[in-house]
Amino acid sequence: MTTDFEALLDAMDGVALVIDRDLKIQSVGIRNWQAFWCENGGTRPDDAQIIGRTITDAFTPGSVRNTFRQMFADLFAGQRASLRLDYRCDAPNERRVMRLSVTPIRARDQGEIRHLLYQSVLIDSEQRPPLALFGAPATGLKRPDILRICCVCAKVATPAPGAEGQQQWLDAEDYYAQGGQEVSMLSHGFCEPCATKLLADDRAVGHLEH
Ligand SMILES: [Zn+2]
């Protein structure tokens with residue numbers, strides 16, 4: 001079974017993984033995984049460095065990791081048919097849109113769902129003048145001195161003018177245009193529209209933290 005997955009995953013675009021019910025990575029399309037890793041500044045890994053890892057460890061701790069863990073659980077439980085999400089994954093000088101698809105793999109007898117197919121593909125990219133905040137490291141911490149960024153649409157939370165305690169979500173370009181300061185760290189979360197969109201597809205993210 002594992003061998004079948006590997007051959008198939010190697011033929012797919014982007015980062016393609018099969019994860020098991022414990023959310024461990026069971027199989028990977030190694031060619032594209034290695035390319036992805038090197039493009040993101042890593043030295044060439046071997047498959048031993050990813051097989052057996054827990055997929056959710058790759059997500060920022062806190063609300064983002066918890067939300068994805070719950071969505072994967074719902075896929076295994078059959079409470080969600082699939083997950084498809086277009087999300088921003090920018091570098092300072094490049095706007096990038098990725099598409100994540102997570103689809104249950106049923107056993108041959110149409111029985112229980114034992115695995116999920118996880119695929120992340122670059123669908124759009126564009127060079128631009130650098131926006132430094134996209135180079136800041138991300139944390140799960142939620143603190144006033146750490147800029148909150150939506151992990152789906154890449155808007156950042158700033159205090160809303162004239163509405164004490166309220167926040168508005170701005171594109172990074174507008175953040176700087178309105179005098180936003182440079183940031184040393186980012187905190188990943190979900191803006192309200194992105195949270196609502198995820199919620200519409202999945203009952204399980206009702207407790208999602210913004
Ligand atoms: Zn958003």
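The legends below describe a predicted model.

**Figure 1. Overview of the predicted chain and its secondary structure.** The chain comprises five helices and 10 strands. Of its 210 residues, 23% count as buried. When contacts between residues at least 6 apart in sequence are considered, 54% of them join residues at least 24 apart.

**Figure 2. The largest nonpolar core of the chain.** This core contains 34 residues, of which L17, I19, I149, C150 and F190 touch the most other members. Two or more residues are contributed by each of the strands β1, β2, β5 (113-127) and β7, and likewise by each of the helices α3 (63-76), α4 (172-177) and α5 (192-201). Strand β1 provides the largest share, five residues.

**Figure 3. Residue L23 in the loop between β1 and β2.** The loop that holds L23 runs between β1 (15-20) and β2 (25-28). The phi angle of L23 is near 65 degrees, a positive value in a residue other than glycine. L23 is classed as partly exposed because 17 other C-beta atoms lie within 10 Å, and a residue needs 20 or more to be buried and 12 or fewer to be exposed.

**Figure 4. Residue A154 in the loop between β7 and β8.** A154 occupies the loop that links β7 (147-150) with β8 (156-159). Its phi angle is near 65 degrees, again a positive value in a residue other than glycine. A154 counts as buried because it has 23 C-beta neighbours inside 10 Å.

**Figure 5. Residue Y176 of helix α4 and residue A132.** Y176 belongs to helix α4, an element that gives two or more residues to the largest nonpolar core. With 16 other C-beta atoms within 10 Å, Y176 itself is partly exposed. The C-alpha atoms of Y176 and A132 are separated by 9.8 Å, and the two residues are 44 residues apart along the chain.

**Figure 6. Residue E6 of helix α1 and residue I30.** E6 lies in helix α1, which spans residues 2-10. This residue counts as partly exposed, since 18 C-beta neighbours are found inside 10 Å.

Technical notes:
Residues numbered from 1 in each chain as written. Predicted model: local features only at pLDDT ≥ 70, side-chain atom pairs only at ≥ 80, totals over all residues. Helix = DSSP H or I, 4+ residues; strand = E, 2+ residues; numbered from the N terminus. Contact = placed C-beta atoms within 7 Å. Core = buried A, V, L, I, M, F, W, Y, C linked by C-beta atoms within 7 Å.
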